[in-house]
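Please keep the structure in view while reading.

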Amino acid sequence: MDLYEHQARELFAEHGILVPRAEVTDSPKEAREIARRLGGRAVVKAQVKTGGRGKAGGVRLAADPAAAELTARQMLGTAIKGHTVRTVMLAETVDIESEFYVSYVLDRAAGRFLAIASAEGGMDIEEVAATRPQAVARVPVDPAEGVTSAKAGEIAHAAGLPPRTADVLMRLWQVLVREDALLVEVNPLVRTRQGQLLALDGKVTLDGNAVFRQSRWGAETEAAHADPLEAAAAAKGLHYVRLDGEVGIIGNGAGLVMSTLDVVAGCGARPANFLDIGGGASARVMADGLSVILSDPAVRSVLVNVFGGITACDAVADGIVRALDDVRLTKPLVVRLDGNNAARGRALLDERAHPLVQQATTMDGAARRAAELATASREA
Ligand code: GDP
Ligand code: MN
């Protein structure tokens, strides 16, 4: 999950990286006061979780407090690249001499981190990376060793950054480690005409698996979840990830759900989501899961794939049967129950005899059926 610029900035400052003075507000009147406190001139920055704000009109210079108020009024409530601007940050202006780019990003394939740095940072970094890759240095970082002063020097040297950026590079690594981040980025890191190194803009992506020990951002970042369905599911305690296909998927256990996604894809359909009900296949969990999936308009069929273990299949079937009383089923549901008490579970579903529910005995058969139903309704 991504943090807002002002949150990233706060983390940088806590780890000793210099940042310009700044304050956040949702009120144009207060924006005027903040600009006054900052000395009159201010940069007004839309707080939205997307890059490229500068080019989209989300970073604007205000010459005095009245202009800051007007700019804030114009920005608030509008959308920058599809993200509604709910707050703006006002920052003191700085005299930029050069703009650099520095980041650490998890390289999953290599099982380590990658430092990416360039002496040509700023708004055109993507273009620089695409047209002149040699201007962007990529240095592997072993997570066990971290960014020592030797490593920081190596990164700075490889990118052609001033040697004293090494200190920022070491501090930025501490941000990543201490905050459980998968990505930390400063763009631009600027050298001012007065010779200071300042982080002017930052992006931090936290590891969702570490939210339990980063409670500080937990509530806010969860509430600001990009996808409303994911937010609704998270509020119900479900492990749900929305994808862009048409077959809704419910399973117990992350491994089983992932293989179900693969099998559905192998049948020529695309999964609409990932939903792991784990060990708790109660009627409540089933009803919650089904209602979240059915409220996704892209879903054309739903596949429930459960391997009964500690949670036996009859308990899951009972959950489904009772969920059918709570949730109005509007799309075909294919159920495959196997494992502990599968026969009893299947019998319960047969007894309920819901016209939109059908059963399959194998995972392949169930996936094929759900895929057919999804494509058939697409063609209909
Ligand atoms: P992004 O486009 O979303 O990455 O937003 P940034 O915060 O990186 O701002 C875009 C650009 O605006 C930066 O690359 C700078 O060139 C410029 N900028 C941002 N803050 C200031 C500032 O305080 N003073 C000046 N002169 N330029 C700024
Ligand atoms: Mn930027």
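Arginine 270 is partly exposed, with a relative accessible area of 44%, where buried means under 20% relative accessible area, exposed means over 50%, and partly exposed lies in between (1.4 Å probe, protein chains only). Its side chain meets that of glutamate 246 in a salt bridge, with a distance of 3.7 Å from N to O; a salt bridge is taken here as a side-chain nitrogen of Lys or Arg within 4 Å of a carboxyl oxygen of Asp or Glu. Because arginine 270 lies in the loop between helix 9 (254-266) and strand 15 (273-276), and glutamate 246 in the loop between strand 13 (239-242) and strand 14 (247-251), the pair ties together parts that are 24 residues apart in sequence. Glutamate 246, at 5% relative accessibility, counts as buried. Helices (H or I, at least four residues) and strands (E, at least two) are DSSP runs, numbered from the N terminus.

## Basis of the model

The model is predicted, and for that reason local features need pLDDT of at least 70 and side-chain atom pairs count only at pLDDT 80 or more, whereas totals for chains, interfaces and linings use all residues. Residues are numbered from 1 along each chain as its sequence is written, chains are lettered from A and ligands numbered from 1 in the order in which they are written, and side-chain values use heavy atoms, with hydrogens and water left out.

## Further salt bridges

A search of the whole structure finds 21 salt bridges. One of them joins arginine 53 to aspartate 201, with the closest N and O atoms 3.1 Å apart. Since arginine 53 is placed in the loop between strand 2 (42-46) and strand 3 (59-62), and aspartate 201 in the loop between strand 11 (197-199) and strand 12 (202-206), this pair ties together parts that are 148 residues apart in sequence. Arginine 53 counts as buried at 7% relative accessibility, while aspartate 201 is partly exposed, with a relative accessible area of 22%.

Another salt bridge links lysine 151 with glutamate 154, and here the closest N and O atoms are 3.7 Å apart. Both residues lie in helix 5 (residues 149-159), 3 residues apart, which is about one turn of the helix. Lysine 151 counts as buried, at 16% relative accessibility, but glutamate 154 is partly exposed, with a relative accessible area of 41%.

## The two sides of helix 5

The buried residues of helix 5 are Lys151, Ala152, Ile155, Ala156 and Ala159. Seen down the axis of helix 5, these buried residues fall within an arc of 135°, so they line one face of the helix; the arc is that of the directions from the helix axis to the C-beta atoms. The face turned away from the buried side carries the exposed residues Ser149, Ala150 and His157.

On the buried side, the residues of helix 5 pack against strand 7 (96-107), strand 8 (112-118), strand 9 (136-141) and helix 6 (165-178). Helix 5 is followed by glycine 160, whose phi is positive, near 75°.

## The chain as a whole

The protein chain contains 13 helices and 18 strands, and its C-alpha atoms fill a box of roughly 80 × 50 × 40 Å, taken along the principal axes. Of the 380 residues in the protein chain, 50% are buried. Among the contacts (heavy atoms within 4.5 Å) with a separation of 6 or more, 69% are between residues 24 or more positions apart.

## Backbone exceptions

Most residues other than glycine have a negative phi, and most peptide bonds are trans. A cis peptide bond joins asparagine 187 and proline 188, with omega at about 5°, and proline 188 has its place in strand 10 (residues 181-192).

Lysine 81, a residue other than glycine, has a positive phi near 50°; lysine 81 lies in the loop between strand 4 (79-80) and strand 5 (83-84), and is exposed, with a relative accessible area of 53%. Alanine 353 also has a positive phi, of about 45°, although it is not a glycine. Alanine 353 is found in the loop between helix 12 (342-352) and strand 18 (357-360), where it is exposed, with a relative accessible area of 55%.
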